[in-house]
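Hi there,

Here is the model I promised to pass along. Please open it up, and then read my notes below.

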Amino acid sequence: MTSPLAAGAEPSTMALPMPSAIRVPDDGMLPLSSARRAGTEYADLQSAGYVEEEYYLSGVAPAISAQGQILAQAPYVTRFLIRKPVDPKHFNGTVIIEPFSWFGERAAGWILTRDYLLRRGFAFVGYTLNINTPVSDPKFPPPPPGTTDESKSQYGAIVNFDFMRRFDYARYAPLGSYYDPQRFQRGGLPDPFLPQAQGIGAELAMLLKTNRPGGPTAGLDVRRVYVNSWAVQAQVWFDYLDQGRHQQWRMPDGRPLIDAYMTGKFSYGEVAGAALRLPTRLPPDVPFITVYSQSETVHDAMEHIALPSDSDTPMLRYYEVMGTSHLRAADLGTGEIEPWPNRRGKPDDPRCQFIYDEPAELPFSALLDAMDLWVREHRPMPRAPRVPRTADGVVRDMRSGNPTGGVRPPWITVPAAEYWTDFETGCGVVYDSKRPYSAARLRKLYGTYANYARRFAAATRNAVRAGVILPEDAPHLSPVAKPQDFERNRPTPSP
């Protein structure tokens, strides 16, 4: 058993074994989470000059406690999907890796940045971190006495290897990993995160960066590997940095396995454990970027959790992107069904009638691009103002009804709705919700639709200059309000 490092201690380097990767045999079905299947993760890979391949990844990885102790070395078999340019000349040298999220094996980062990745010649790898369902699934801990929790009945059928085997038994029957709820605890409960998660991610990065003949990156000159991990699995990579694995685990030639870390749409410690916001052993020479939607921003404000200051050494940035939600209908995983906010506890609340559908891909892709420039061209990412807080939430502008500060896309700078989070409304769903302005309010703010559209276009140009939106994305951004919204109120959807 390896003891956890004392805070501030310099971790010693440690060699990881090279894993094996073999192609998954074609059984006539598309893989789970395939970008070739119609759905939220779909992309026209062929038109973009890309190919998608699925591999089994097998090896031996350390099983690590939430406290940083290596309690065992155990075998594993998992899988990954790689999307890469067909022509190696179109590859830009960087592979993005992302663990699939718990519910429906969703690649949230891929959904939010796929157009950017395909345009710019990145390779993308989504990989599975899962367990066989135990008697008591740690993803669904018992609710406090006197309360109820419907999460298991809602999500229990779309998690773990069991879900994957129901999807395609022949393909996913070989998958397995080590898990022991008695040995691995987080916050006094069985740890919901795979104990081998850190080692599997590190070994995958080493394999990809090695450019082995016949391997998944054969023919590609992989020079960089970035983590882009969104939603609940972001905790895995926070732990990786907090426990000093970046410094400890290296390539055989001493290079880092990972060259930049971006995580998003998750408040560290929200599922279980301590609410830390800064890894204890953050390395000084690689970016660690955390991107909050409005939901995580409000969560931390209401919980009085302070964010660390941005710095260039270490390379740290926090971004709070207003007008973006924790989840949209466009983000759902395979088999995931989420009720609308007006179908739960507050069907008559005007703030619980509509969900966000704004193109959050645009600011999130711009942030990933800025991180890439920080790595490749040593150009520090811009700093964004924090969202001001009140005693019990965030400061809202009286005229627009929206939070002040943070990263502000055009639909927040020139708004047509109030944007709320479930932490504030209590609508009772995962979706955050918005309240479109009435026709009278739109006319009072802008006069006519033409005036509104002109101001929205100007806000888009300003967002490009500020780095909030990439120039190539700006022409595809349309005003949120439509001409008819200035004439009559939007009809309320039926619950």
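Predicted model: local features only at pLDDT ≥ 70, side-chain atom pairs only at ≥ 80, totals over all residues.

Residues are numbered from 1 along each chain as its sequence is written, and side-chain values use heavy atoms, leaving out hydrogens and water.

Let's begin with helix 14, residues 449-466. Helices here are DSSP runs of H or I with at least four residues, strands are runs of E with at least two, and both are numbered from the N terminus. The end C-alpha atoms of helix 14 are 25 Å apart, which agrees with the 26 Å that its 18 residues should span at 1.5 Å a residue (1.5 Å times one less than the number of residues).

Its buried residues are Tyr 452, Phe 456, Ala 459, Thr 460 and Ala 463. Seen down the axis of helix 14, they fall within an arc of 105° (from directions to the C-beta atoms), so they line one face. Buried means under 20% relative accessible area, exposed over 50% and partly exposed in between, with a 1.4 Å probe and protein chains only. Arg 454 and Arg 465 are exposed on the face turned away from the buried side. Just after helix 14, Gly 467 has a positive phi of about 80°.

Asn 211 is partly exposed at 25%, while His 304 is exposed at 55%.

Best wishes
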